[in-house]
Amino acid sequence: MSEPTWDAIVIGSGFGGSITAARLAEAGARTLLLERGPWWDTVPTRSMGIKSRAPFPRGLGMLRRAVRTLNGGRTPGGRLTLNKRGMLEFFWSPGMEVICSSGVGGGSHVYSAVHRRPAAPDYWDGHVEGISEDSMAPHNAAFLARIQSTKPGDHNRPPGTSRERYHNHPAVEPAIPKVDVRTGFLLPEDPDAPKKITDENGVERWETDYWSNDNGFLGSPSGAKSSLDIRYLAPAMKKGLEVRDLTEVRTIRATGEADARYEVEARDLRRGRPQRLRARTVIVAAGTMNTLRLLLTSVEAGGLPPIPGLGRRFSGNGDMRGFWDLNEPGTDLTLGLPSKGGIFLRDAEEPRVSIGLNNLPSLDYWPVPRKWRERLKRGSVASAMGVDAADGVVRLENGRLKIDFDPANSPIYARVYETMQQLAREAGGTMRMGRRPSSVHPMGGACLGLPEAGGVVDAAGQIHGLPGLHVADAAALPAPTAAPPTQSIAAWAENVAARLTA
């Protein structure tokens with residue numbers, strides 16, 4: 001049977017893709033969501049009746065399931081896929097390392113579930129007509145409501161927070177946010193006895209426990225983390241959304257036809273078969289790196305005309321991270337939620353750099369000697385974000401994706417490095433990190449803005465000059481958020497979807 005022409009094809013199921021696809025399907029559009037990774041094997045997906053599922057990297061399986069693809073460095077051809085069902089993708093360049101994720105639900109399985117707005121209070125103002133802080137407010141609210149973002153109360157406050165640990169420390173103090181910060185976890189009513197619940201969509205999941213350390217960067221098998229497959233895709237699939245996992249899109253081609261303006265060339269990774277899919281509207285939301293790769297490849301192949309500004313204004317969001325090896329006897333820093341909050345050095349110069357603390361995830365399942373696992377529990381992943389110069393360029397060179405980024409142009413990176421080293425000197429332990437930026441929040445390259453200012457997309461996320469082709473993920477963000485960008489990406493996707501359905 002021939003494929004139908006879809007109202008919309010959405011590429012990628014992270015915060016940009018799942019949200020846009022769900023809202024379109026719920027508005028009655030015939031919508032197809034394509035995801036190159038698998039469904040994950042969780043309590044919720046089992047209750048949803050998903051038959052083909054991949055386990056999260058645990059135990060000896062970490063050796064073959066943790067890594068999907070390696071890009072750059074000395075990899076053959078510049079790109080090497082080790083496992084099409086793997087979870088993480090790595091990009092190397094002289095100026096930056098980038099880590100991305102794969103799988104249905106995208107980054108919602110690997111993020112620390114912190115929801116907050118950008119550091120700048122006027123982040124959305126002044127880029128294009130129709131987008132402002134006021135116009136984005138209802139989209140922020142729509143995301144927080146749908147994902148069921150929450151705050152702990154006195155009865156279920158998680159242990160091990162920075163407020164608890166550093167409230168009276170001589171060198172370090174908690175970083176109290178000046179904006180509303182929420183979390184995307186199903187928090188327990190009774191922390192000593194988490195319960196399995198069935199939500200309004202018939203999806204089963206467990207409340208969060210505070211002792212297993214199995215709800216972090218390597219997924220949440222119990223469903224305690226409010227991932228996109230639970231909160232957006234499950235109800236939308238009941239309204240007709242079709243989700244195809246293990247389907248990798250290779251190129252997009254403009255057809256010139258009114259009812260099927262674009263043809264998407266994809267590959268069924270299970271059977272190795274090509275697919276050609278047609279739609280009036282295509283929304284690209286494959287994650288910043290793969291959104292840029294797909295658009296650049298499609299231009300190079302002649303499927304799309306040149307797109308001015310594409311690949312420029314790329315940012316690592318000021319990301320740097322290290323492992324703070326405290327090694328305090330008798331401590332277990334993995335208890336509680338993955339994110340412990342932020343800290344400041346008490347006597348640092350203003351504006352001070354906030355250092356976020358997270359634990360290494362699922363340590364009891366790592367295939368290393370027990371004494372190493374116990375040692376790692378006495379340390380924290382330290383990270384920081386900030387405003388970099390956003391002057392990077394992502395481009396294709398002989399078919400290889402290249403990141404041109406010079407961290408020397410962005411003083412935030414040297415400042416973060418020195419702050420983290422000073423933290424170890426003043427508060428103890430050893431900070432193990434390199435000087436090269438390491439980003440899990442790449443953004444830009446298809447930025448919101450006017451064409452004459454280097455912008456690639458308009459207020460609806462539509463690429464200038466290409467009606468019906470939209471960008472709904474972090475590639476469209478107009479500047480570094482200098483904060484966890486999840487809520488900003490989600491609000492942008494809610495905006496794109498709202499304009500399309502209108």
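What follows is a working chat about helix packing and sheets in a predicted model.

Colleague: Before we start, what are the ground rules for this model?
Modeller: It is a predicted model, in which local features need pLDDT of at least 70 and side-chain atom pairs count only at pLDDT 80 or more, while totals for chains, interfaces and linings use all residues. Residues are numbered from 1 along each chain as its sequence is written, and side-chain values use heavy atoms, with hydrogens and water left out.

Colleague: Is α6 mostly covered or uncovered?
Modeller: Helix α6 (residues 228-238) is mostly covered, with nine of its 11 residues buried, where buried means under 20% relative accessible area, exposed over 50% and partly exposed in between, with a 1.4 Å probe and protein chains only. Helices here are DSSP runs of H or I of at least four residues, strands are E runs of at least two, and both are numbered from the N terminus.

Colleague: Which elements do the covering?
Modeller: The cover of the buried residues includes α1, β2 (31-34), α2 (43-47), α4 (133-146), β11 (204-206) and α10 (486-501), with contact meaning heavy atoms within 4.5 Å.

Colleague: How do α1 and α6 cross?
Modeller: The axes of α1 (residues 15-26) and α6 come within 8 Å and cross at roughly 25°, which makes α1 roughly parallel to α6. Axes are lines fitted to C-alpha atoms, for helices over the stretch in contact, and angles run from 0 to 180 degrees between N-to-C directions; those under 35 degrees count as roughly parallel, over 145 as roughly antiparallel, 65 to 115 as roughly perpendicular and the rest as oblique.

Colleague: Which residues make that contact?
Modeller: On α1 they are Phe15, Ser18, Ile19, Ala22, Arg23, Ala25 and Glu26, and on α6 they are Leu228, Tyr232, Leu233, Pro235 and Ala236. By class, the contact of α1 with α6 has nine nonpolar, one polar and two charged residues, counting Ala, Val, Leu, Ile, Met, Phe, Trp, Tyr, Cys and Pro as nonpolar, Asp, Glu, Lys and Arg as charged, and the others, Gly among them, as polar.

Colleague: And what about α4 against α6?
Modeller: Their axes come within 9 Å and cross at roughly 90°, so α4 and α6 are roughly perpendicular to each other. Ala142, Phe143 and Arg146 in α4 meet Arg231, Tyr232 and Pro235 in α6, a contact of four nonpolar, no polar and two charged residues.

Colleague: Changing topic, what is the strand order in the six-stranded sheet?
Modeller: This open sheet runs β8-β18-β19-β20-β17-β23 with antiparallel pairing, where two strands pair if DSSP finds at least two bridges between them. At the edges stand β8 (172-175) and β23 (430-432), each with a single partner strand, so one side of each is left without a neighbour in the sheet. The twist averages 35° from one strand to the next.

Colleague: How many bridges join β17 to β20?
Modeller: Six bridges join β17 (residues 320-325) to β20 (residues 379-384), and the bridge partner of Asp325 in β20 is Gly379. Helix α9 (residues 411-427) packs on this sheet, and its direction makes about 10° with that of β17.

Colleague: Last one, which face of β22 is covered?
Modeller: In β22 (residues 400-404), Leu401 and Ile403 form the covered face, while Arg400, Lys402 and Asp404 form the uncovered one. Strand β22 forms a hairpin with β21, with two residues between them, and Asn398 in the turn has a positive phi of about 55°.
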